[in-house]
Each structure stands twice: as C-alpha cells, then as structure tokens.
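Subject: Structure for your review

Hello,

I am passing on the structure we discussed, followed by notes on what was found in it. Please read the notes with the model open.

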Amino acid sequence: MAPADKSRRFSPMAHRDDLDAFRAEVRAWLQAIVPEGWFARSAGAPEGEYLAFQRWWFDELQKVGLATPHWPKDWGGEELTLRHQVIVSEEMVRAGAPNPDLFVISLYHLPATLFAHGSPAQRERYLKGVTERGEIWCQGFSEPNAGSDLASLRTRAERRDDIFVVNGQKVWSSFAAHADYCLLLARTDVNAPKKQAGISYFILDMKAPGVTVRRIKQMTGQSEFCEIFLDNVEIPAENLIGAENAGWMIAQSTLSAERGLIIFDLAERMHDAFQREIAAARVARPAWWEDDELRRAFVAHYGDLQALRLMIQRMLRELEANAETGASSLPPLIKVQWSELLRRHTDFWLKAGGLEAQKYSPPLTGGGHVTGNRLQDFMWSYSWTIAGGANEIIKTLIAERVLGLPR
Ligand SMILES: Cc1cc2nc3c(=O)[nH]c(=O)nc-3n(C[C@H](O)[C@H](O)[C@H](O)COP(=O)(O)OP(=O)(O)OC[C@H]3O[C@@H](n4cnc5c(N)ncnc54)[C@H](O)[C@@H]3O)c2cc1C
C-alpha cells in the first residue's frame with residue numbers, strides 16, 4: 001500500500017454523491033490520521049491521556065464531518081444516508097480506528113431525544129454544544145432499585161415556580177465523572193395512576209450545586225461507571241424536555257438510540273479479530289488449533305457471527321426501507337444474539353489461551369470487545385447482556401411483541 005499523504009486536505013463530504021469515491025476518501029483520511037500503535041498504548045494509560053486522546057479524535061472526526069454524519073445539517077451534521085454511515089463504519093474497522101466512546105451519549109442518545117422532543121432553544125444550545133464545543137453527556141436513568149424496572153425510579157423533582165428541586169440517587173451512569181450534562185429522569189407526580197405516568201425528563205448541568213459524582217470501582221480495574229447523588233439540586237424549568245410527566249414516553253426515544261449501527265461496528269470488529277486470529281494461528285499453530293473440541297467451538301462461533309452479520313444486514317435494509325419510522329423488529333434479536341455470542345467467544349479465548357490468558361493486565365480501550373486482552377474481554381462481555389435492557393427482559397419483549405406469545 002502506498003504511504004499516506006498526511007499533508008493533503010481530506011474532504012469525504014465533497015464525494016458524498018459517489019459512494020466509491022466517498023469510501024476511498026474516508027479510507028485515505030483514516031490511513032493518514034489514525035496514529036500507529038494507539039491501541040496498544042491505551043492499555044494502562046493514565047486517565048488524562050485517555051481523555052485527551054478521545055477529545056483529539058472527536059475534533060479530528062468533526063473537522064471532516066464524521067463526528068455527527070447522521071445529524072441534520074441545521075444542527076451541525078451532514079445528513080448522511082445509512083449507506084454512507086455503513087461505509088464509514090466499515091472503513092473505521094478496517095483501519096483499526098478508535099471509537100469515540102466518551103461521546104456516545106452526546107452523539108446518539110442526546111440527539112435521539114432532542115430531535116423528537118426538545119424545544120428549539122434546547123436544540124440550539126445543546127446540540128451545538130456537542131458539535132461546536134465537544135460537550136460530554138451522560139445518562140441518569142438507573143437507580144439502585146430501578147434498573148430493569150426503570151419506571152419504579154424514586155428520584156424526586158418538585159416544582160417551585162420556575163425551578164425544579166431534585167433529590168435522589170442515580171447509578172451505573174457511564175462516564176458521569178467527565179460529563180458536562182446529564183439526561184435525567186425524575187418523578188414529578190407521586191400520585192399518578194401508573195408509575196410510568198409521573199416521570200419527567202430533564203437536562204441536568206453536572207456542575208450545579210448539590211450534584212456529587214462518586215466513581216464505582218469495577219472488576220476490570222476501571223471506574224467508568226458512577227453514582228450521581230442529587231441533593232436539593234435546582235434545575236430551571238426551561239430544562240424540562242417535553243411536557244411535565246411525559247418523561248417515560250420521551251425516554252423510549254433515548255433508548256432507541258442504543259440499537260442500530262453500534263452493534264454493526266462491534267460485530268465487524270469481531271469479524272476482523274477472527275481473521276487476524278486465524279492468520280496468526282496458521283503460522284503459530286497454538287495448542288487450541290490442534291484440539292478438536294476447541295477448534296469446533298471456534299468454528300461454531302464463526303458461524304454464529306456470520307448469522308449475526310446477516311441479521312444486521314437485513315436490519316439495515318429494513319431501516320433503509322422504513323427511513324421515516326426507523327421500524328425493524330430485528331434490534332432485540334440482534335442484541336441477544338450479539339451479547340450471548342460475545343460471552344461464549346470471550347470465554348473460549350480464556351480457555352484456549354491457558355494460564356497466560358487469565359493474568360490481569362489493563363484493558364485496551366476504544367477498539368471493540370474482542371481486543372486480544374483475554375481476561376478483560378471476558379469480563380467486559382457481561383456488560384452487553386445487561387446494558388440497554390438485560391437479556392431476560394429483551395427475551396420477554398421478543399416473546400410478547402415480536403412473536404405475539406401470551407404473557
Ligand atoms: C455497560 C453498561 C452501561 C450502562 N450505562 C448506563 C448509563 O449510562 N446510565 C444509566 O442510567 N444506566 C446505565 N446502565 C445500567 C443498566 O441500564 C442497568 O444495569 C440495567 O437496566 C439492569 O438493571 P439492574 O442493573 O438494576 O439489574 P436488575 O434490574 O436488578 O436485574 C438483575 C437481574 O434480574 C433479572 N430480572 C430483573 N427483572 C426481571 C424480570 N421481570 N424477568 C426476568 N428477569 C428479570 C435481570 O435480567 C438481571 O439478570 C449501564 C449498564 C451497563 C452494563
């Protein structure tokens with residue numbers, strides 16, 4: 001391959017009308033910009049370095065229109081089609097480019113919420129806050145006794161003239177320690193006939209007096225998750241999203257952002273890891289390569305991954321055909337298939353890698369879930385069977401809403 005010309009100006013958007021040229025430009029840009037060895041350097045890097053790297057990557061993506069390619073132009077996006085986004089994702093995986101993990105709520109959950117339900121002033125202020133200032137958002141939904149049963153949340157918001165006074169606690173809030181703002185659900189009507197009916201949706205300034213963030217030490221050694229304590233926090237009424245007590249319905253828009261292209265990217269990264277593992281094993285002939293049982297498991301996982309990739313392709317075709325409604329019945333099936341395969345496959349590597357694989361070393365961050373750090377990959381695999389709705393809950397949803405089985 002010819003060396004990348006780092007001095008030239010790249011402009012993928014200038015080629016948006018020609019998909020092949022667009023792909024070529026994205027590929028050339030990635031070849032020039034992705035720093036060699038960034039992935040290995042991420043293991044055990046001090047937090048400041050991780051944050052600076054993520055910010056740098058977000059800014060670079062933004063310069064060529066690839067930070068918010070799926071957003072409308074009015075809000076700093078590029079209005080790229082799904083097909084363009086798939087190309088970008090494929091090229092990112094091919095180049096081994098980092099994911100802007102720190103910005104996931106800012107890039108997906110925030111717009112999914114504000115496009116549909118935000119006021120013009122909220123969209124102007126907060127969407128541009130992401131595109132122009134790289135503001136970081138977190139999500140404050142779960143509570144110690146309200147995870148799967150989210151509607152039981154007890155954080156209370158009481159209206160006093162033009163402010164709401166909020167008291168309560170949130171948990172499992174990813175990256176809250178670095179966030180500027182939070183998408184917050186709180187109860188505004190304790191007497192509502194249904195628990196879902198008394199919830200409102202707020203924009204919380206994480207620097208407001210009374211907000212305390214405490215990190216949770218995870219088994220991986222990281223502290224990405226946080227608890228958020230809210231002690232008489234004042235939220236201006238203008239930060240209410242949608243109508244008072246309509247928060248449950250609005251939260252469905254936020255949660256829908258967790259579907260779609262995120263698993264496409266992760267499955268392609270897993271596919272890429274398979275290709276690398278096969279190539280390496282052909283040369284090194286490790287013990288698992290000679291073991292019938294392990295080799296059979298490896299091939300079975302490969303087959304499962306191909307089935308998953310076909311399901312994702314079908315979902316993308318459905319999403320493209322139903323661009324207005326975004327309707328597809330496949331996301332819950334894909335989420336279950338992906339998360340269970342990830343658990344099986346990372347467990348395989350822990351066994352196939354012997355004692356060496358079971359030694360602790362710091363995680364490699366930003367490159368997917370099959371990073372080659374066997375112990376960390378295994379521990380992290382559990383996150384996908386819980387996040388975005390635990391698999392038991394999703395399976396109930398599939399039974400009732402997709403298959404129409406009785407409750
Ligand atoms: C990687 C990751 C990132 C996250 N990020 C955020 C975030 O940014 N913000 C945020 O607010 N939250 C976040 N969460 C929290 C997540 O939404 C909750 O963990 C999830 O909703 C499950 O709730 P819980 O942990 O309270 O478990 P529980 O609801 O207590 O469930 C425990 C177990 O019981 C099972 N169970 C519960 N109810 C039923 C039922 N009715 N039928 C059958 N089985 C049931 C569950 O499936 C699970 O196995 C994150 C979680 C993960 C793993």
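Arg133 is partly exposed, at 46% relative accessibility. This is a predicted model, and the notes below should be read as such. The partner of Arg133 is Glu132, with a salt bridge between the two side chains at 4.0 Å, N to O. Glu132 counts as exposed, with a relative accessibility of 55%.

Salt bridges

The count of salt bridges comes to 28. Besides the pair above, two others are described here.

Glu25 and Arg8 form a salt bridge through their side chains, at 3.0 Å from N to O. Glu25 sits in helix α1 (residues 19-33) and Arg8 in the segment before α1; the two are 17 residues apart, and the pair links distant parts of the chain. Glu25 is buried, its relative accessible area being 8%, while Arg8 is partly exposed at 33%.

Glu91 and Arg23 meet in a side-chain salt bridge at 2.8 Å, N to O. Because Glu91 belongs to helix α4 (residues 82-95) and Arg23 to helix α1, this pair ties together parts that are 68 residues apart in sequence. Glu91 is buried, with 2% relative accessibility; Arg23 is partly exposed, with a relative accessible area of 24%. Arg23 and Glu91 also belong to a network with Arg27 and Glu90, joined by salt bridges that share partners.

Ligand site

The ligand is surrounded by 15 residues, and the closest are Gln139, Ser142, Ser148, Trp172 and Glu392. By type, the shell divides into seven nonpolar residues, seven polar and one charged.

An N or O atom in the side chain of Ser148 lies 2.6 Å from a ligand oxygen. A polar backbone atom of Phe141 is 3.0 Å from an oxygen of the ligand. For Trp172, a polar backbone atom is 3.2 Å from a ligand nitrogen. The ligand taken alone exposes 970 Å², of which the protein buries 62%.

Which elements give two or more residues to the shell around the ligand? They are β3 (163-174), α12 (374-386) and α13 (391-402). The largest share, three residues, comes from β3. At the level of domains, domain 2 (136-244) and domain 3 (249-403) each supply at least three residues of the shell.

Regards

Definitions and conventions
Residues numbered from 1 in each chain as written. Predicted model: local features only at pLDDT ≥ 70, side-chain atom pairs only at ≥ 80, totals over all residues. Heavy atoms only, no water. Near = heavy atom within 4 Å. Polar contact = N/O pair within 3.5 Å; in protein donor to acceptor, adjacent residues only side chain to side chain. Areas by Shrake-Rupley, 256 points an atom, 1.4 Å probe, with all protein chains shown as cover. Helix = DSSP H or I, 4+ residues; strand = E, 2+ residues; numbered from the N terminus. Nonpolar A, V, L, I, M, F, W, Y, C, P; charged D, E, K, R; others polar. Domains from an automatic or database assignment. Buried < 20%, exposed > 50% of the residue type's maximum accessible area, 1.4 Å probe, protein only.
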